[in-house]
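The sequence and the model are shown first.

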Amino acid sequence: MRASAHEGAIRHRHLAAQTEQAWCLTLLTNAVVTWTTEYYGLAIAQMRAEGRAVDDELLAHISPAHSENVNFFGTINVEVDTELAKLDPAGYRPLRPRRRERP
């Protein structure tokens, strides 16, 4: 599956086609932001379960729209079968292991 934003340019001549492209890009962006938000919640829950302090006041300043997986102008390639195989019984992909803190 491939989704492309054509570097953010609207390339259609007619208003109806331009509107459709804009809606598709908006839908895709919203889906990625929603997905990111869900996984932020899972990661925070796991950190707290491990005994790490996560300040709610700090979390209020985190935006899922400012993440490396939100790509407004490029191409997103997804191997659907490979990604589906990674899902656990609840339908989630495993969280990435925590990066080691620098000394």
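In this predicted model, a network of salt bridges links Glu83, Lys86 and Arg93. Side chains of opposite charge can pair when their charged atoms come close.

The structure holds 3 salt bridges, which are listed below.

| Arg48 | Asp56 | 2.6 Å |

Arg48 is partly exposed, with a relative accessible area of 36%, whereas Asp56 counts as exposed at 53%.

**Overall arrangement**

The protein chain has 3 helices and 2 strands. Read along the sequence, these elements follow the pattern β-α-α-β-α. Of the 103 residues in the chain, 12% count as buried. Among contacts between residues at least 6 apart in sequence, 62% join residues at least 24 apart. The accessible surface of the chain comes to about 8,900 Å², and carbon and sulfur atoms account for 56% of this area.

**Helix H1**

Helix H1 covers residues 15–49, a run of 35 residues. After H1 comes Gly51, whose phi is positive, near 90°.

Which residues of H1 are buried? They are Gln21, Val32, Val33, Thr36, Tyr39 and Ile44. Helix H2 (56–59) is included in what covers these buried residues.

Ala43 is also found in helix H1. With a relative accessibility of 25%, Ala43 counts as partly exposed, because burial requires a value under 20%. Ala43 and Arg96 are 53 residues apart in sequence, yet their C-alpha atoms are 9.0 Å apart in space.

**The aromatic cluster**

A pair of aromatic rings is described by the distance of the centres and the angle of the planes. A search of the whole structure finds 2 aromatic pairs. In the pair of Trp35 and Tyr39, the ring centres are 4.9 Å apart and the planes stand at 40°, so this pair is tilted. Trp35 and Tyr39 are 4 residues apart in helix H1, which means that about one helical turn separates them. An α-helix has 3.6 residues a turn, so residues three or four places apart point the same way.

The accessibility of these residues is as follows. Trp35 is partly exposed, with a relative accessible area of 37%. Tyr39, at 13% relative accessibility, counts as buried.

Tyr39 also pairs with Tyr92: the ring centres are 5.7 Å apart and the planes are at 85°, so the pair is edge-to-face. This pair links distant parts of the chain, as Tyr39 belongs to helix H1 and Tyr92 to the segment after H3, 53 residues apart. Tyr92 is partly exposed, with a relative accessible area of 25%. Together, Trp35, Tyr39 and Tyr92 form one aromatic cluster.

**A nonpolar surface patch**

Which residues make the nonpolar surface patch? Val80, Leu84 and Leu87 make this patch, whose area is about 230 Å². Leu87 lies in the segment after helix H3 (80–85). The relative accessible area of Leu87 is 34%, so this residue is partly exposed.

Technical notes:
Residues numbered from 1 in each chain as written. Predicted model: local features only at pLDDT ≥ 70, side-chain atom pairs only at ≥ 80, totals over all residues. Heavy atoms only, no water. Buried < 20%, exposed > 50% of the residue type's maximum accessible area, 1.4 Å probe, protein only. Contact = heavy atoms within 4.5 Å. Areas by Shrake-Rupley, 256 points an atom, 1.4 Å probe, with all protein chains shown as cover. Patch = residues over 30% accessible without salt bridge, like charges linked within 9 Å, V, L, I, M, F, W, Y side chains within 5 Å. Salt bridge = Lys/Arg side-chain N within 4 Å of Asp/Glu carboxyl O. Expected span 1.5 Å × (residues − 1). Phe/Tyr/Trp six-rings, centres within 6.5 Å; stacked < 30°, edge-to-face > 60°.
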